[in-house]
Amino acid sequence: MSDEITPFRIDIPQEQLDDLTARLDAARLPAPLPGDDWDTGVPVHWLRELVDHWRTDYDWRAAEAELNRYPQFITEIEGQRIFFLHIRSAEPDAVPLLMTHGWPGSVVEFLDVIGPLTDPRAHGGDPADAFHLVIPSLPGFGFSGPVAETDWDRARIGRVWATLMERLGYERYGTQGGDIGGAVSPEVARSAPDKVIGVHTNGGPNLPPPEAKEHLDELTELERDRVRRIDAFLREEFGYIAIQSTRPQSLAYGLVDSPVGQLAWIMDKFREWTHPRNVLPDKIIDRNRLLTNVMLYWLTGTAGSAAYVGYASASPWGATPANSGVPTGVIAFAHDVCIRRYCEPSNTITRWVDVDRGGHFAALEEPELLVDDIREFFRTVR
């Protein structure tokens, strides 16, 4: 196996963009269901407007240039192509930080936090809080796709991330992530507890177990609300997991052939998981940023492999993993459902902050709050 790290630059052929334009021009949208509201999925009237924006106003070349401002690389680990951004701070004492996205996200999630984290001096912060950033695409996602092997569970990804950091020459580093990234980040620490100085997650490193709803009288009102919302999620929103965890290949045919289908599939989750829920996702996150995230799925044709890695290879619940002993910080935003008492057995929680705003996509929704909390936590372990 080669340890080579190769510089990479995104340069999508124009014919791919022309093909996308043709597909959007010829898109056939379904007839609206009664009410045409979010109760039955993404409303036709809203998606049609977003598709029109995609066709006429969205500029992929501008988004491509923004991504290409940051050094990008490709390497191979355990037979898998891994794409990552690697942004080194100019500050001499910067701490390396490995940041991992989730589904249906991508490295695009972190674009608004790269500057403040790597160059706090230029963003009104303390230079002592600087980080070198390593931001990989999960195996099977975007330019890290597709996958050719099975068993891409969180533990394996954590082991691969530890290899990546070793390959980059980092002996001491932190990890950070949300969603799948929130589960992978502590796995890096379990794989390399002597090298990871701290783990930070938004949304928590694991979910409460199913039996939590049997002990509501032992919980605080905040915790009870989170258990109730998990229960509502399992009743009302679990369909996408049921499909992606059992038939990701069948789903992929539609998503890699229809840009509107791919857009709708992802936007459904952005509406459900941004906060507040009754506000349209493109009123919370810039619609061009939303489309750039979708473009990484569309241009790489990785809807199937992202679904496979995200949901077919591991369940969100299972045996309690070993505690690495590495200090762990958590910021729980308003949409999040993590509960400290259920995270403590498998994680050494040294900082826990609950906030009353923000949703699942923390780096996109509340970048300043996330940056501040990352800085606060890592001051305790630097």
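What follows is a dialogue on how the terms used for this predicted model are applied.

Trainee: How do you know that the radius of gyration agrees with a compact globule?

Mentor: The radius is taken over C-alpha atoms, and the globule rule is 2.2 Å times the number of residues to the power 0.38. For 382 residues the rule gives a value near 21 Å and the chain has 20 Å, so the two agree. Along the principal axes, the C-alpha atoms fill a box of roughly 55 × 55 × 45 Å.

Trainee: Why is Asn202 called buried?

Mentor: Buried means under 20% relative accessible area, exposed means over 50%, and partly exposed lies in between, with a 1.4 Å probe and protein chains only. Asn202 has 8%, so Asn202 is buried. Asn202 belongs to strand β7, residues 196-202. Of the 382 residues in the chain, 56% are buried.

Trainee: Which residues does Asn202 touch, and what counts as a contact?

Mentor: A contact means heavy atoms within 4.5 Å.

Trainee: Why is His360 called buried?

Mentor: The relative accessible area of His360 is 16%, so His360 is buried. His360 sits in the loop between β9 (348-354) and α15 (362-365). Leaving aside neighbours within four places in sequence, His360 is in contact with Asp179, Asn202, Trp273, His335, Asp336 and Glu365.

Trainee: Is Asp179 buried, partly exposed or exposed, and why?

Mentor: Asp179 has a relative accessible area of 25%, so Asp179 is partly exposed. Asp179 lies in the loop between β6 (173-178) and α6 (180-191).

Trainee: What stands out in the phi angle of Asp179?

Mentor: Phi of Asp179 is near 60°, a positive value in a residue other than glycine. Most residues other than glycine have a negative phi, and most peptide bonds are trans. Asp36 also has a positive phi, near 45°. Asp36 is in the loop between α1 (14-25) and α2 (44-56). With a relative accessible area of 15%, Asp36 is buried.

Trainee: Which peptide bonds are cis, and how do you know?

Mentor: A cis bond joins Trp103 and Pro104, with omega about 0°. The bond from Gly145 to Pro146 is cis as well, with omega near -5°. Pro104 is in the loop between β4 (95-100) and α4, and Pro146 is in the loop between β5 (131-136) and α5 (154-167).

Trainee: Why is helix α4 described as largely enclosed by the rest of the structure?

Mentor: Helix α4, residues 111-118, has 7 of its 8 residues buried, so the description holds. The buried ones are Leu111, Val113, Ile114, Gly115, Pro116, Leu117 and Thr118.

Trainee: What makes a set of residues a nonpolar core?

Mentor: The members are buried Ala, Val, Leu, Ile, Met, Phe, Trp, Tyr and Cys residues joined through side-chain atoms within 4.5 Å. The largest such core has 103 residues, and Trp60 and Trp103 have the most contacts inside it. Helix α12 (residues 287-300) gives the most to this core, with 8 residues. Apart from this core lies another, of 6 residues, among them Val330, Cys338, Ile349 and Trp352.

Trainee: Which residues does Trp60 touch?

Mentor: Not counting residues up to four places away in sequence, Trp60 touches Ile10, Ile12, Leu17, Leu67, Thr292, Met295, Leu296 and Leu299.

Trainee: Why is Phe8 called partly exposed?

Mentor: Phe8 has a relative accessible area of 22%, so Phe8 is partly exposed. Phe8 is in strand β1, residues 5-8. The C-alpha atoms of Phe8 and Gln72, 64 residues apart along the chain, are separated by 5.1 Å.

How values were computed. Residues are numbered from 1 along each chain as its sequence is written. This is a predicted model: local features need pLDDT of at least 70, side-chain atom pairs count only at pLDDT 80 or more; totals for chains, interfaces and linings use all residues. Side-chain values use heavy atoms; hydrogens and water are left out. Helices (H or I, at least four residues) and strands (E, at least two) are DSSP runs, numbered from the N terminus.
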